[in-house]
Amino acid sequence: MSKLKVGSIEASPGEMVYGSLNVGLMADGTPIEIPVILIQGVGDGPVLYVQAACHGEEINGVEVIRRVVSKLNPKELKGSLIVVPVANPLAFRSKQSYTPIELENMNRVFPGRPDGRLSERMAYAIWSNCIKDKADYVIDLHTGVRTMLTFIFVEYGEDEVIRRSGELARVFGTEYIVKEVRDEYWKRIRFGGKLRNVCNEHGIPSITPELDGRRCLNEEAVQIGVRGVLNVMKYLGMIKGNIELPPKQYILKWSPGEPKITSSLGGIFISKVKPGQIVKEDQVLGFIYSVKTLEVVEEIKAHKSGIIRYVTEYPVVNAGDRILEISEIIEVIENKG
Ligand SMILES: [Zn+2]
């Protein structure tokens, strides 16, 4: 094994080194630094890149990284781990999803630009130093809202890189895996700028776990994340141990442009269903009542059969708000105990 180098940070075999990537300065002279941890193993193996908090308020992944790193001994590791606990430090310190000042979603601008705005520069620093021509696999830890399933996003398709990404998702071991279809709407909402999709374009298998409960630390989601990263490392032969999977895994299909369940009228939405519940077409899912008359003004029904993937976190709804999402189940995998 040779030295692992990321920017100006170097780790020799058997070493764990903490450093940072310097992206530039803020107006007041404050440096923008992205923290990086290198863990260089002693035996041959793949380079795994893991990041969290690309969206600044999605902190479950940061805690996942802390617990995973604390369990690793570089002298027993095969291959290398490149870890960025906080990919967007500006959004993180502001306690918000998007990069402050420009209000950009950093996970829409990968691979970034060296001469771009703040989000593009941070994305480029990560892409060019940690991933491009370096990482063999990428895990981009995200966090959904509390009223969404814990699941993993991968792309839908038959390509080899997508198949291998699907394998990573399966061994990560969430109960739900969502396959994202590249439809017309996918392009319009800049999904091509998600880190996972850029990695796939470059032949690097990549997954996006969505560990539920942003703006808080959800112990259950953190544990799923820790088990997942360690499972992937076991699968890749980087550490020893048995892969731990849930008894059942549901593979779901999702097209960003498919019809959504939205409110036609405004008011307060009362849901009769929970994420993970299997529903049938035309089933009543909840209702909206008017705050003027307190009467039910709209009944919400399932437009198709499937599984509830998301229910709005905040039940105050205006006309046109997305209130529920149903995903189609395309496969159920039974894992032997
Ligand atoms: Zn996110």
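Helix α3 is mostly covered, with eleven of its 14 residues buried. Here, buried means that 20 or more other C-beta atoms, placed from the backbone, lie within 10 Å of the residue's own. Among these buried residues are Leu-118, Trp-127 and Ile-131. Helices (H or I, at least four residues) and strands (E, at least two) are DSSP runs, numbered from the N terminus.

This is a predicted model, where local features need pLDDT of at least 70, side-chain atom pairs count only at pLDDT 80 or more, and totals for chains, interfaces and linings use all residues. Residues are numbered from 1 along each chain as its sequence is written.

How does the length of α3 work out? The 14 residues of α3 (118-131) should span 20 Å at 1.5 Å a residue, and the end C-alpha atoms are 19 Å apart, which agrees. The expected span is 1.5 Å times one less than the number of residues. After α3 comes Asp-133, with a positive phi near 55°.

Now for the strands. An open, antiparallel sheet has four of them, in the order β16-β15-β13-β18. Two strands pair if DSSP finds at least two bridges between them. The edge strands, each pairing on one side only, are listed here:

| Edge strand | Residues |
|---|---|
| β16 | 296-301 |
| β18 | 316-317 |

Five bridges join β15 (residues 284-289) to β16, and Phe-287 has Glu-299 in β16 as its bridge partner.

Finally, the protein is divided into domain 1 (4-254) and domain 2 (261-327), with bounds from an automatic or database domain assignment. Their centres, taken over C-alpha atoms, are separated by 32 Å.

How values were computed
A residue is buried if 20 or more other C-beta atoms lie within 10 Å of its own, exposed if 12 or fewer, and partly exposed in between; C-beta atoms are placed from the backbone.
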